[in-house]
Amino acid sequence: MANQQILDMALKQMEQTINPVTLTAWFDDAEVTAFEASHLTLHVPNEFKKEIIDSRFIGPLKAALKTLFDDDIEVSIVTGNVTSPPEMVGVPNDVYTFDHFIVGSSNKFAHAAATAVSKKPAVVYNPLFIYGQSGLGKTHLLYSIAHELRGTHPSFKIVYVKGEDFTNELVTSIQEGDMQNFREKYRTADLLLLDDIQFIAGKERTQEEFFHTFNTIYEANRQIVLTSDRPPKEINTLEDRLRTRFEMGLLADIQPPDYETRLAIIKSKAEQYGYTLPPNIVHIIADAIQSNVRQLEGTVQKIKAMHELMELPITPELAYRAIEEVKTESPGLNPTPQLIMQAVANFYCIPVEQITSNKRSKDTVQPRQVSMYLVRNLLGYSLPEIGKIFSRDHSTVLHAIDKIKNQMKTSTEMNDILKTLTDNIRSQ
């Protein structure tokens, strides 16, 4: 069993007692870097996630591992550049390569552009800006470029980071007075891969810092690749000076896969997980999931886990059950109050727990009010239901929602913030 599969199966066990959306928020970019002698090492991108996992999830994770292996497994959480070859920061193992990327009519152009960049970095298409809905393979292409260049340019410093993590690292660096190391990490990259660039929009200091990072790398004739859930012109709170820089390279979109491509993806993922799906099961999955590659992979993985862990035969009934569970767990198709609060917390760069806390500082009140408004607007919850979620009475909820509505009448910025958050929530 591959190391990453161990974590995936442990998280499935943890879902019995912990909301899947919460687990996704904290473990989506966690990577098992070692598992030997009853000791598992888990890499996360920053100290903030390390502290949260250590304090809130280490016990449930150990319990899940004990269920899987019938043994006590020690767990170490680490950060930093420990998972990759020297000078390749944040890029996981070689599962995400061009060889494992299924090409179809919906992604052929983006794949060709990424391949071209990997062969001639900073010569063609700089920057390369790949956009499309969540779960269609944008991150896979970023990792593929990194692995290709690791082989052809072993001396390259390759840095991958998510937009929200770039912001979090910047905030930490400012607080700790360590901007020199932050700038050294990003501005000296030979290949900078920034995923979900839309998350820096609306954040003045982050955009300022990335503007100078972009200029430094570009002027040094080094490669930049960015992804987003939409083209630059549709990121409303993005500064114009960044938008024009993003548009001066090549824009490549990825669309949801067609039926034939979905069939190929399902078969390929099953092979990667070491088993074969019957043809009728492959067609059931392809019919049921039409717009999200990540859900296709999740379904293939869940069927394998249910087959092996629960000793269930691979039947159409099992496939339908796995599909429904994956769809239920998918925050993009089924937004939840927890997902909304997490998205708002990421946008405002605060811990999600702060939104439901008793704090009344300025940097907490507005995110809380925005969260209440979005829960009401996107999910249609009643005022008492929202009050229960946020530990407030319904009159406080009404006041918060009215406050946001009034700001929308007078503030273009608030309208842009709400549109950005809504798009982010729906594209997860």
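**Close-up views of the predicted model**

**View A. Tyr96 is partly exposed, with a relative accessible area of 28%.** The model shown here and in the views that follow is predicted. Counting rings whose centres lie within 6.5 Å of each other, the model contains 13 aromatic pairs. In one of these pairs, the ring centres of Tyr96 and Tyr143 are 5.5 Å apart and the ring planes meet at 55 degrees, so the pair is classed as tilted. Because Tyr96 belongs to the loop between strand S4 (88-89) and H4, whereas Tyr143 belongs to helix H5 (residues 138-152), the pair ties together parts of the chain that are 47 residues apart in sequence. Tyr143 has a relative accessible area of 11% and is therefore buried.

**View B. Phe166 and Tyr186 form an edge-to-face aromatic pair, with 5.1 Å from centre to centre and 65 degrees between the ring planes.** The two residues are 20 residues apart and link distant parts of the chain, with Phe166 in helix H6 (residues 163-176) and Tyr186 in helix H7 (residues 179-187). Phe166 counts as buried, at 0% relative accessibility, and Tyr186 likewise counts as buried, at 0%. Both rings belong to one aromatic cluster, which is formed by Phe129, Phe166, Phe182, Tyr186, Phe210, Phe214, Tyr218 and Phe246.

**View C. Ile217, a residue of helix H8 (residues 204-219), is buried, with a relative accessible area of 0%.** The C-alpha atoms of Ile217 and Tyr186 are separated by 8.6 Å, although the two residues are 31 residues apart along the chain. When residues up to four places away in sequence are not counted, Ile217 touches Tyr186, Arg187, Ala189, Leu192, Arg222, Gln223 and Ile224.

**View D. Helices H8 and H9 (residues 240-247) pack with their axes 10 Å apart and at an angle of about 35 degrees.** Their crossing is left-handed. On the H8 side the contact is made by Gln207, Glu208, Phe210, Phe211, Phe214 and Asn215, and on the H9 side by Arg241, Leu242, Arg245 and Phe246. Within this contact, the charged end of Arg241 sits over the ring of Phe211, 4.1 Å from the ring centre. Another charge placed over a ring is that of Lys203, which lies over the face of Phe347 at 4.5 Å from the ring centre.

**View E. His111, in helix H4 (residues 108-119), counts as buried, at 17% relative accessibility.** That value falls under the 20% limit for a buried residue, which is why His111 is placed in this class. Leaving aside neighbours within four places in sequence, His111 is in contact with Phe98, Phe101, Val103 and Leu141.

**View F. The largest nonpolar core has 53 residues, of which Met14, Phe27, Leu42, Phe57, Leu61 and Leu374 touch the most other members.** Around Leu42, again leaving aside neighbours within four places in sequence, the contacts are with Leu7, Phe27, Ala30, Glu31, Val32, Leu61, Ser76, Ile77 and Val78. Apart from this core lies another, of 46 residues, among them Leu142, Tyr160, Ile254 and Val300. In soluble globular proteins, nonpolar side chains tend to be buried together.

Methods. Residues numbered from 1 in each chain as written. Predicted model: local features only at pLDDT ≥ 70, side-chain atom pairs only at ≥ 80, totals over all residues. Heavy atoms only, no water. Core = buried A, V, L, I, M, F, W, Y, C linked by side-chain atoms within 4.5 Å. Buried < 20%, exposed > 50% of the residue type's maximum accessible area, 1.4 Å probe, protein only. Contact = heavy atoms within 4.5 Å. Helix = DSSP H or I, 4+ residues; strand = E, 2+ residues; numbered from the N terminus. Phe/Tyr/Trp six-rings, centres within 6.5 Å; stacked < 30°, edge-to-face > 60°. Lys NZ or Arg CZ within 6 Å of the ring centre and 35° of its normal. Axes fitted to C-alpha atoms, helices over the stretch in contact; angles between N-to-C directions. Left-handed = near helix turned anticlockwise from the far one by under 90°.
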